[in-house]
Amino acid sequence: MEIRVFNNLTRKKEIFKPLNPGKVKYYSCGPTTYDFVHVGNARAFVVGDLIHRVFKTFGLEVTFVRNFTDVDDKIIDRANELKVDPIQHADRFVKECEKDMNSLGMLPATHTPKVTETIPEIIVMIEDLIKNGYGYVVDGEVLYHVPKFSEYGKLSKVKLDSLQHGIRVEVDGHKKHPSDFVLWKPAKINEPSWDSPWGKGRPGWHIECSAMAKKFLGNSIDMHHGGVDLQFPHHENEIAQSEAANNCEFCHHWAHNEFLNFGTEKMSKSLGNVITIRSFVEKFSGEILRQLLLSVHYRSKLDWSDEAVSKAINELTRIHEFKLALEEIKALKIEDLALRESLLKQMDSIKEELTNDFNVPGAMGYFFTVIKDFNRESKNGLSEESINLIKKITKLIADSTGLVHENAEEVLKRAELAKMNFAGKSESQNEEVENLILERSIARKNKDWTRSDQIRNRLNELGVVVKDNPDGTVSWSFKA
Ligand SMILES: [Zn+2]
């Protein structure tokens, strides 16, 4: 099945064609590991993983590289503040970041290189750039001469002329052009550094991705992803470096995810202090965050709001209640051809949406129709064929979106806790509800309708939804 992708290089939706049919070389820019990862970066993680998953689900063999920037000014500054070794500090947060990625249900990448492990390849690439006339050395520093690369700006559509006028000329004046950027910087005292032909130093930021992509994927790759904030200058510079060093096109398809928007009036009150992936996962859950991040198409902005979290919790609850019922349903010997036909149509539509620029909201719309059909039809019983078809559709959604993977009972329990947590319900309120539910059962048994009505009103005040189950038990939840 063809996959259509919006290519940010051409600003057009195109049929995705890897250089080697059936095999994809895919690179996504990873985090700088100086602290716990901000929740804003979780969107880039999940979208990077979504692209990986959809490729795999639709039969492509993917070599996926996602890097860790483990040497950088931010890391060095933070380590100095804490009086710890910068490399060890970065390494600690690589491990913390991997934990966060696992909690978000991300598939492992094929390679996860670090800058500190790629220094020889970085040095070779800088040497090639100097040899090809794009790099120049000033006092132990190597710079990339941007005007030499005539196609500069082809991704971001930024014009070099406008940069020349826009940027203040550097005070130290060692750059030939204001847009020239650092490939290698000389070591300062107490900074991590490596030997190089230009003296002790460390790489600039942009060169690492060009060198890592080349090391693991070769000179030309099929897909490159990152947050929209990386498009300029980072990705523009990656193109300039790779194409000038390797003399061929670096990457044909570029995908950028939009921001998680924190600046709206709808900005959350309850979420105000939840700013890292870790704190969100502790308060809510990884799958809730994933559901939230995938609720809007990756090229649209997504508002970080209480409303969005509530919606994610409710949708995930619906999905996992359905998953439990699907696991338990027994097939009947019946003919339900009409249902099967409709399910096949939904499955085609889901595939169509997933392969249409990774349109998860579109696919989930059809999946919720499948859930609705299941909930309605399962009252009368389903044939084995229909049940199998519904399981196949659920697996398609799980494989490609990374949702629906976790244990349903566990997720429902966490969603329930999250709802309480989210509504700021305390333990004592929880206890009051339990007591009221018990009292309600007794009142109803005794046909004491006055008391039963009083209790119902109090439960309403507390925002509690009560469900009387056919087996006589009562379940309840706080409205999200
Ligand atoms: Zn990068």
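Mentor: Happy to! The second largest pocket has a volume of about 790 Å³. A pocket here is an open set of points on a 1 Å grid over the protein atoms alone, where a 1.4 Å probe fits and protein lies on both sides within 12 Å along at least five of seven lines; its volume is the space filled by probe spheres set on the points, joined across faces, edges and corners. This is a predicted model, where local features need pLDDT of at least 70 and side-chain atom pairs pLDDT 80 or more, while totals for chains, interfaces and linings use all residues. Numbering starts from 1 along each chain as its sequence is written, and side-chain values use heavy atoms, without hydrogens and water.

The lining (residues with an atom within 4 Å of a point) holds 26 residues, and Glu-321, Glu-416, Ser-475, Trp-476 and Ser-477 are the closest to the centre of the second largest pocket. Helices α10 (306-328), α14 (408-422) and α15 (427-445) each give two or more residues to this lining, as do strands β13 (464-468) and β14 (474-478). Helices (H or I, at least four residues) and strands (E, at least two) are DSSP runs numbered from the N terminus. The top contributor to the lining is α14, with eight residues.

Elsewhere, for orientation, the zinc ion is coordinated by Cys-29 (SG), Cys-209 (SG), His-234 (NE2) and Glu-238 (OE), at 2.1 to 2.4 Å; donors are N, O and S atoms within 2.8 Å of the metal (3.2 Å for Na, K and Ca).
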